[in-house]
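I opened the notebook to look into what holds this fold together on the inside. Here is the model I worked from.

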Amino acid sequence: QVQLVESGGGLVQAGGFLRVSCAASGSIFRINAMGWYRQAPGKQRELVASITSDSSTNYAPSVKGRFTISRDNAKNTVYLQMNSLKPEDTAVYYCNYRGWSRAGEYVYWGQGTQVTVSS
């Protein structure tokens, strides 16, 4: 089992910035990817950004150039720096952890943290 503890988030004005963090603990996989998804009211959960254990990154087109994902492998922690925030970035942000072993893929989710961007 992998436990995920999220921190950060909150309320910010449009154009502002926030950082969310997610620390993983428990049965950490050597090969893994961590990332952030978000879900706005009435919408499906969508990928925001992800980063693999060898630091390959992937971003949603809507956040590319504004958000930066990074990780500290020694702390098993992933960070999402969100700059130039827009009201449409308002959502619950969920940390996601994917691990791979010979047995297959394992997926874990954090409890979610609210990000609200006011106009």
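**Ground rules.** The model is predicted, so I noted that local features need pLDDT of at least 70 and side-chain atom pairs count only at pLDDT 80 or more, while totals for chains, interfaces and linings use all residues. Residues are numbered from 1 along each chain as its sequence is written, and side-chain values use heavy atoms, with hydrogens and water left out.

Buried is under 20% relative accessible area, exposed is over 50%, and partly exposed lies in between (1.4 Å probe, protein chains only). This core has 30 residues, and L4, W36, L80, M82 and Y93 touch the most other members. At least two residues each come from β1 (2-8), β3 (18-26), β4 (31-39), β5 (46-52), β7 (67-72), β8 (77-82), β9 (91-101) and β11 (113-118). As background, nonpolar side chains in soluble globular proteins tend to be buried together.

**Disulfide.** How many disulfides does a search of the whole structure find? I found one, taking a disulfide as a pair of cysteine sulfur atoms within 2.5 Å. C22 is joined to C95, with S to S at 2.0 Å. The two cysteines are 73 residues apart, C22 in strand β3 and C95 in strand β9, and the bond links distant parts of the chain. I noted the link as left-handed, at -85° about the S-S bond. C22 is buried at 0% relative accessibility, and C95 is buried at 0% too.

**Salt bridges.** I counted these as a side-chain nitrogen of Lys or Arg within 4 Å of a carboxyl oxygen of Asp or Glu. The structure has four. D89 pairs with R38 at 2.9 Å, N to O. Why does the pair of D89 and R38 tie together parts that are 51 residues apart in sequence? The reason is position, because D89 sits in the loop between β8 and β9 and R38 in strand β4. D89 also bridges to R66, with the closest N and O atoms 2.8 Å apart. R66 lies in the loop between β6 (57-59) and β7, so its pairing with D89 ties together parts 23 residues apart in sequence. I checked burial next: D89 is at 1% relative accessibility, R38 at 7% and R66 at 11%, and each counts as buried. R38, E46, R66 and D89 are linked in a network of salt bridges.

Another bridge joins R98 and E105 at 3.2 Å, N to O. Here R98 is partly exposed at 23%, and E105 is partly exposed at 44%.

**E6.** Is E6 buried or exposed? E6 is buried yet has no salt bridge, and the nearest side chain of opposite charge, R45, is 8.1 Å away (Lys and Arg count as positive, Asp and Glu as negative; His and the chain ends are not counted). The E6 side chain does reach the backbone nitrogen of C95 at 2.6 Å and the backbone nitrogen of G112 at 2.6 Å. I also listed what E6 touches (heavy atoms within 4.5 Å), leaving aside residues up to four places away in sequence; C22, W36, Y93 and C95 are among them.

Definitions and conventions: A nonpolar core is a set of buried Ala, Val, Leu, Ile, Met, Phe, Trp, Tyr and Cys residues joined through side-chain atoms within 4.5 Å. Helices (H or I, at least four residues) and strands (E, at least two) are DSSP runs, numbered from the N terminus. A polar contact is a pair of N or O atoms within 3.5 Å; within protein, one must be able to donate a hydrogen and the other to accept it, and residues adjacent in sequence count only if both atoms are side-chain atoms.
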